[in-house]
Amino acid sequence: MTTEDYRDKASKVAEELQEYLNNTDKYKWEVAKETKDFKISCVKSEYFSGHLYKGEAEYNVPPKTVFEYVEPLPEGPRMKWDKNMKKIEVLKWLDKDLRLNRACTSSACMGLISPRDFVDLIVTKETDTYLSTNATSVDHTDGQENGHVRGWNWPCAISCECDEFPEVKKFVRGWNYACGVVVLKYSHNPNKCKLVSLIQPDIKGMVPKNLTDAAIPGSMAEFFTNLGNALKEDGKVIS
């Protein structure tokens, strides 16, 4: 694919995420988990047999700061606070706002769901009302040498040597359908924002559907809780 092809694909994903957020007639969200700090809802995915999940939380933190903390970049703050993320790497910068990312995730449900990795096309956007990452998985073959992808075996049950691991660990290549994070700005209060996370991962492998349905809302709850704690610990919350 050319850079133009990737941009067209990413732009369609960005439009789709806005549709998820704004078309309340089409998407009838059902609450899966809710506390005073966050709400997680879901609907059936249009792409596979799983669900599209939406997580929402407000923070007394400027929008750009929250975006900096959630954007999946190897040098960003996210690797410090997101316990579910083992490694983030940029495989290729296609443009200043467009890139191919790879993320390695931890095991879940006390090891019943083994670690996954995902290769995603990501475009970042900023408007007067929000900042966002807009992502979808892609087939990626850059870095192949003599028919092998450096670092892992493509495309199914794979092995990867991440810097955090002393030995090679097994990963299953997952697939993210249209997903991302949207940080909504409040025009009346520049020091407050609403974070919306939209995910619909097909984690592949031989995982019972009821286990996946239980694991994802729990993982999202941990995401919002850990983010809030990190923002407080780093002195980013504005009273």
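This report describes parts of a predicted model, moving from its helices and strands to a pocket and a few single residues.

Helix α1, which covers residues 3-22, has 20 residues and spans 29 Å from its first C-alpha to its last, a reach that is close to the 28 Å expected at 1.5 Å a residue. Within α1, the residues Y6, A10, V13, A14, E16, L17, Q18, Y20 and L21 are buried.

Helix α4, at residues 209-233, has 25 residues, and its reach of 36 Å from first C-alpha to last is close to the 36 Å expected at 1.5 Å a residue. Just after α4 comes G235, whose phi is positive, at about 70°.

Strand β6, made of residues 116-126, is mostly covered, since nine of its 11 residues are buried. What does β6 pair with? Strand β5, at residues 98-105, is joined to β6 by seven bridges, and the two run antiparallel; in this pairing C104 stands opposite D117 of β6. Strand β7, at residues 130-137, also pairs with β6 in the antiparallel sense, over seven bridges, and here T124 stands opposite T133 of β7.

Rolling a probe the size of a water molecule over the atoms shows where empty space is left. The second largest pocket has a volume of about 350 Å³, and its lining consists of 16 residues, of which D37, E58, Y59, G228 and K232 lie nearest its centre.

Which element gives the most to the lining of this pocket? That element is α4, with six residues, while β3, at residues 51-59, and α4 each supply at least two residues of the lining.

Is D82 buried or exposed? This residue sits in the loop between α3 (78-81) and β4 (85-95), and D82 counts as buried because its relative accessible area is 4%, which is under the 20% cut-off for that word. A polar atom of the D82 side chain lies 3.1 Å from the backbone nitrogen of N84.

M85 belongs to strand β4, and with a relative accessibility of 13% M85 is also counted as buried. Along the chain M85 and P72 are 13 residues apart, and their C-alpha atoms are separated by 9.5 Å. T136, in turn, lies in strand β7, and T136 is buried because its relative accessible area is 10%. The side chain of T136 reaches the backbone oxygen of N176 at 3.4 Å.

Definitions and conventions. Residues are numbered from 1 along each chain as its sequence is written. This is a predicted model: local features need pLDDT of at least 70, side-chain atom pairs count only at pLDDT 80 or more; totals for chains, interfaces and linings use all residues. Side-chain values use heavy atoms; hydrogens and water are left out. Buried means under 20% relative accessible area, exposed over 50%, partly exposed in between (1.4 Å probe, protein chains only). Helices (H or I, at least four residues) and strands (E, at least two) are DSSP runs, numbered from the N terminus. Two strands pair if DSSP finds at least two bridges between them. A polar contact is a pair of N or O atoms within 3.5 Å; within protein, one must be able to donate a hydrogen and the other to accept it, and residues adjacent in sequence count only if both atoms are side-chain atoms. On a 1 Å grid over the protein atoms alone, a cavity is a set of points where a 1.4 Å probe fits but cannot get out, and a pocket is an open set with protein on both sides within 12 Å along at least five of seven lines; lining residues have an atom within 4 Å of a point. Grid points are joined across faces, edges and corners, and a volume is the space filled by probe spheres set on the points. The expected span of a helix is 1.5 Å times one less than its number of residues.
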